[in-house]
Amino acid sequence: MKKQWRIKDIIDLEYFFHCDEERGDKISQKALLQRDRNIYLKHIQPLMNHGKLLSGRDVIKAWLIQRRHLKKTSWGLDTIFPGNAFEEINRILVYIFLIFGSVTGVGISSTFLVYTGIEPLNVSIYLGGLVLIQILLLLFLMAFSLVRLIKPSILRRSVVYFLVSNLFVRLALKVKNRSMNKLSGAQRDSIKEAMGVIRGKKQIYGSLFYWPAFILSQIFGVGFNLGVLCTTLVRVMGSDIAFGWQSTVQVSPQVIYDIIRAIALPWSWLISPEIAHPSLSQIEGSRMVLKDGIYHLATQDMVSWWPFLCFTVLFYGLLPRTILLITGLMAQLGSIRDLDFCHTACDKLMYRLKTPLVSSESHTADIGADEYFDTTVDIPSEATVPVHNNNISEKTLIALVPDDIFDECLDNELSAVIWKALQRQVRDKIRIDMDYETDGIMLKGLAQTDWGNIQPEILILQEAWQPPIKEILLFIRDIRKIMGEKFGIQLALIGKPGPGTIFTPVKEIDWNTWNQKINIMGDPYLRLKRLVPNE
């Protein structure tokens, strides 16, 4: 049975991605390719050879398991990963919120159940303070959820989402400090930076890190209502408490009876009317009048309220919170299940896993004992086995070529270069000139095109020797705005045109300039590529 993804796995995945991106020099990148290719050939390919169909997410999960193993081999078996810290603090917070909610419910309900024997407890105050406020909060939550369905982006811009989605990573950083004392300063900094990277990836993970906080709030609500319910039952069973009602507004007992009967609809069909709610005569007999005191009120009328109050807390407090808790757990699993693992970091990983090595010479030894590399790798004999589903070779591209090099960009040559570098097929080639109106019409046409089962990505061909001016970056943002948040965009860099071809290697200084600008944009589905490898 395949191991399911959990939130702690997502956190650890981003942590390892962060570690891999820290080193950008050529030797480190070669060692990175060797390590990941070695993981693929030794631990992933054998699974496929035994007939297992692995999707892209399965391959990435298998890689993650091996990365954890290698890191523990390097750092020690008691190594604490960010995902472990998150899971630990989450487990602790579940108990804290449940206990705190119960204590709060006991404390607040006790103040509403203080009976001195002089006058009955007012059921209106009990219901308003312990039930009505919860109903209003539930209505607000329903309205917020409806707005989310209509306009999902409003969640990421809301202050509430910002606070709750950052709650766990902040607490995890504090709680795990005890375990991190065993690590070196560089290792601690790397983990902290990775947690920061996760906070900035709302575009990839959406509401995934909202659900743990939502679940905690429902656990608090469950504890609160359990505390209220238990306190009410204990006070009723252990002491003589009288309940009544009163109102400055002249309201007839019949109106109160109709309201009470309507409130009791969720449970009145299960329980006899004598227990489900007070009768009309009991409501008349428990009406308080200040000048008359309580001596004229019948005991059986005043005690007839407590079952109704308990059922109200049960059906309007505890039951909705329990349903929301289950809904939150299911939504969290659904958010994880819906992750497509196709953003830039995952795409780079899949490329490293599937790319055969040109040379078996190991460069890891040149790095020394650097903790960034977990082990020295031996390169097995090469073999290529396709990854089913999410296969990067299944995707096609729409190539956007600037006007000044469009004529020199021959279709056959472009297709061959892109296939060799990206394992993608060119579906169409379109001329662009960075004109807002003309290119905008073209992009809207692409967005409205029905591409069938496989949605093509957009590739922008760009000469790297030209600086990343504002117009180019705005054009990329326009593509993102028109095509959607998760639409794949590849910025393919080439060098200065050479004799007979425009497809030349990119200078390292030009690559670094473009890479820095693209990183600043913070678009996880925008990929920067070299179309021609450096010699």
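Me: Which residues does Trp63 touch, not counting residues up to four places away in sequence?

Reply: In this predicted model, where local features need pLDDT of at least 70, side-chain atom pairs count only at pLDDT 80 or more and totals for chains, interfaces and linings use all residues, Trp63 touches Leu13, Phe16, Phe17, Asp20, Arg35, Asp36, Ile39, Ile44, Leu349 and Leu353, contact being heavy atoms within 4.5 Å. Residues are numbered from 1 along each chain as its sequence is written, and side-chain values use heavy atoms, with hydrogens and water left out.

Me: Why is Asp36 called buried?

Reply: Buried means under 20% relative accessible area, exposed over 50% and partly exposed in between, with a 1.4 Å probe and protein chains only; Asp36 has a relative accessible area of 0%, so it is buried. This residue is found in helix α2, helices being DSSP runs of H or I with at least four residues, numbered from the N terminus. Leaving aside neighbours within four places in sequence, Asp36 is in contact with Trp63, Leu349, Arg352 and Leu353.

Me: What makes helix α18 largely enclosed by the rest of the structure?

Reply: Because 9 of the 11 residues of helix α18 (residues 344–354) are buried, the helix is largely enclosed; among the buried ones are Cys346, Asp347, Leu349 and Leu353.

Me: Which residues touch the most other members of the largest nonpolar core?

Reply: They are Ile44 and Trp63, in a core of 38 residues, a nonpolar core being a set of buried Ala, Val, Leu, Ile, Met, Phe, Trp, Tyr and Cys residues joined through side-chain atoms within 4.5 Å. Helix α1 gives the most to this core, with 8 residues.

Key
Helix = DSSP H or I, 4+ residues; strand = E, 2+ residues; numbered from the N terminus.
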